[in-house]
Every structure is written in structure tokens, then in C-alpha cells.
Amino acid sequence: MEVSKVGVMGAGAMGSGIAQLAAQAGFEVILNDLEMSLVDKGIGRMEDFLSKSVLKGKITEEQKKQTLGRIRKSTDISDFKDVDLAIEVIVEDLELKKKAFAQLDSTCKPEAYLASNTSSMPITVLGNATKRPERVVGMHFFNPAPIMKLVEVIRGYYTSDETVKVATRVAEKMGKTPVEVKKDSPGFIVNRLMMAQYIEAIRLLEEGVATIEDIDKAVKLGLNHPMGAFELQDFGGLDIGYFVAEYFYEEFKDMRWNPPQALKALIRSGRLGKKTGAGWYDYDKQ
Ligand SMILES: NC(=O)c1ccc[n+]([C@@H]2O[C@H](COP(=O)([O-])OP(=O)(O)OC[C@H]3O[C@@H](n4cnc5c(N)ncnc54)[C@H](O)[C@@H]3O)[C@@H](O)[C@H]2O)c1
């Protein structure tokens, strides 16, 4: 089935970016959140991004208007009844996501595809919350979605070849480069590689091998990464790194994913992380 109408559930940082990409690609878009103020906030973020693109000469004022004109605001999930593809972009909580998939399954037409932008949750479990697991797929965009080129297209245990093809085509139409994750494995490709580097960077710090600044310099200049391991974690959020390490450890039952003691202590004590807003670069100043 050709996709022409896309429903995006969740208008936060990622959802608004994905809705923008879909509208720019010419899809008709419905952007849904729990409250209209949250949808408006998402649209506001989009307007800012598009206005900057106009100033930089990347798009015209007319293209900005057309993009925004393709988006319909919604707080009622029944608005998704005739979408061809629904993309779930709500908070990273498995129980809430399972509920969301059951809701999408009972709302969307039977031939619609259902995708999740989850960073870590099993697509097979989300598929099992529906009566159409063969039409459920992971579409993992990266932050910020309008800029980052990659989309991981993740196959759950029951996902059909056709569904993978559709998600791949949609990602390409949005100007992205998709890669197929053939097995529903924790962290998919990117987050598994990223966590390995992150954990090892903390261990280097714990062992006194080098400072935060020098480890990051080494990653940037020696591996040619645009951001250092600590810088990247501060950008994404320290707590998320900790939760992902815990999740990998539980799933793989392998000591290499055991969150380093320094990270555990810093998060549990509330010295760094969400509670304080402090990241690794504040560590030396504590
Ligand atoms: N932020 C990132 O760097 C990043 C990168 C890749 C993937 N992701 C994934 O994308 C998803 C969303 O992340 P985010 O950073 O945009 O989160 P966010 O907190 O900015 O946005 C989530 C939005 O979902 C809404 N929401 C919650 N329950 C809902 C429901 N039942 N119906 C409709 N809306 C609902 C919330 O009100 C909120 O506006 C998560 O699964 C996350 O793991 C995040």
C-alpha cells in the first residue's frame, strides 16, 4: 500500500521533528499529543526551524507555508482512523507504549502500518500488543530528526518484508538514509555501539587513565567523531545513558554492560543528571 497520510503520536522533541520531515516530504500529517498546548509547542519548534531554513536560503517562505499547511493538529486519536502509517513517538516507557499500540491498532484501518521511534524497546513486544504484528516496525530517527541522516528500520519477530519495505521507502522519501536492523536486539545498531564507547570512556576515567576533556579530545581527533563520549552523553542526558546501560545489562546478562560504579553513584546520589541538570563537564567542579 502506498503511504500518503501519516499520523504522528507524540509532539515532543522527536515527534515534532518527524512530523516536520513527513510534511516536507509531501505527506498529509496529523500531529497528536495529550493536550493542544503540547501540539502547539511542537508546531512552534517546527516554525522556528523552518524560519531559520528560510533565512539560510535552504527553503522559500512559500515552502515553509506549504509544509505547515500539510499538518493537522489533534488531541483525539480517532483522527488516525484513515492514516496509512502511524508513528508512535511518546515517552520511552514500555507499558505506555504497549497501551499506545493497542489504541492505534483499534483505531487505524486494518491495512495501516504502525511504527515506533523507540530508542530501545523491543518491537516484537509492541507488535504483540496489536492484532497486526506483521505490520509493526521500528523507525528509529536520531536527534535532531530534521538534521540527522540515519533511520534504523527495525524488524520485530513478526514484521513482514512488505512492512520493512514501506518503512524504508517512507524514510527515503523524508530524505533519510535507512539501514535495516534484521533482529530485534537491544539498542539496535547505533545505541549498542554508542553505549560500548560510553561505558569504556567512564571506565578510563575511573581508572585514572585520562581526564574527561582528554578522553573527549581523543575521541574527536583520533576517531574523527564530531562529539566526544562525555559530550555526547551530556547532550542526550546522563540519566538516559544510565537507564540504557541497566537495560542492556538486564537483557544480555553480560557484565560488560554493567553500569560503571562512578555512573551509578553519581546518578543515585543526585550529584549529576536530571535532578541537578549537571552533566559530566560539571563533574570536576563538584
Ligand atoms: N530525545 C532523543 O534524543 C531521542 C532520540 C531517538 C529516539 N527517541 C525516542 O523518541 C521517543 C520520544 O522522545 P522525545 O525525546 O521526543 O520525548 P518528549 O518527552 O520530548 O515527547 C514525548 C511526547 O509524547 C507525549 N505523549 C505521551 N503519551 C502520549 C499519548 N498516549 N498520546 C499522545 N502523546 C503522548 C508527551 O506529552 C510528550 O509531548 C522516545 O521513545 C525516545 O526514546 C528520543
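Where is the place of threonine 168? Threonine 168 sits in helix 6 (residues 161–173). This is a predicted model: local features need pLDDT of at least 70, side-chain atom pairs count only at pLDDT 80 or more, and totals for chains, interfaces and linings use all residues. Residues are numbered from 1 along each chain as its sequence is written. Helices (H or I, at least four residues) and strands (E, at least two) are DSSP runs, numbered from the N terminus.

**Threonine 168**
- Threonine 168 counts as partly exposed because it has 18 C-beta neighbours inside 10 Å. A residue is buried if 20 or more other C-beta atoms lie within 10 Å of its own, exposed if 12 or fewer, and partly exposed in between, with C-beta atoms placed from the backbone.
- Threonine 168 touches Val153 and Pro178, not counting residues up to four places away in sequence. Contact means that the C-beta atoms of two residues, placed from the backbone, lie within 7 Å.
- Leucine 96 is 72 residues from threonine 168 in sequence and 26 Å from it in space, C-alpha to C-alpha.

- Eight strands form an open sheet in the order 3-2-1-4-5-6-7-8, with mixed pairing. Two strands pair if DSSP finds at least two bridges between them.
- Strand 3 (71–74) and strand 8 (177–181) stand at the edges; each has a single partner strand, so one side of each lacks a neighbour in the sheet.
- From one strand to the next, the twist averages 25 degrees. Axes are lines fitted to C-alpha atoms, for helices over the stretch in contact, and angles run from 0 to 180 degrees between N-to-C directions.
- Strand 5 (residues 113–116) pairs with strand 6 (residues 136–141) in the parallel sense, over three bridges. Leucine 114 has valine 136 in strand 6 as its bridge partner.

**Helix 4**
- Helix 4 (residues 94–107) lies across strand 1 (5–9), strand 4 (85–88) and strand 5, at about 165 degrees to strand 4.
- Lys97, Ala100, Phe101, Leu104 and Asp105 are buried in helix 4. Seen down the axis of helix 4, the buried residues fall within an arc of 135 degrees, so they line one face. The arc is that of the directions from the helix axis to the C-beta atoms.
- Glu95, Leu96 and Ser106 are exposed on the other side of helix 4.
- The cover over the buried residues of helix 4 includes strand 1, strand 4, strand 5 and helix 5 (123–128).

**Around the ligand**
- Helix 1 (13–24) and helix 4 each supply at least two residues of the shell around the ligand.
- Helix 1 gives the most, with three residues.
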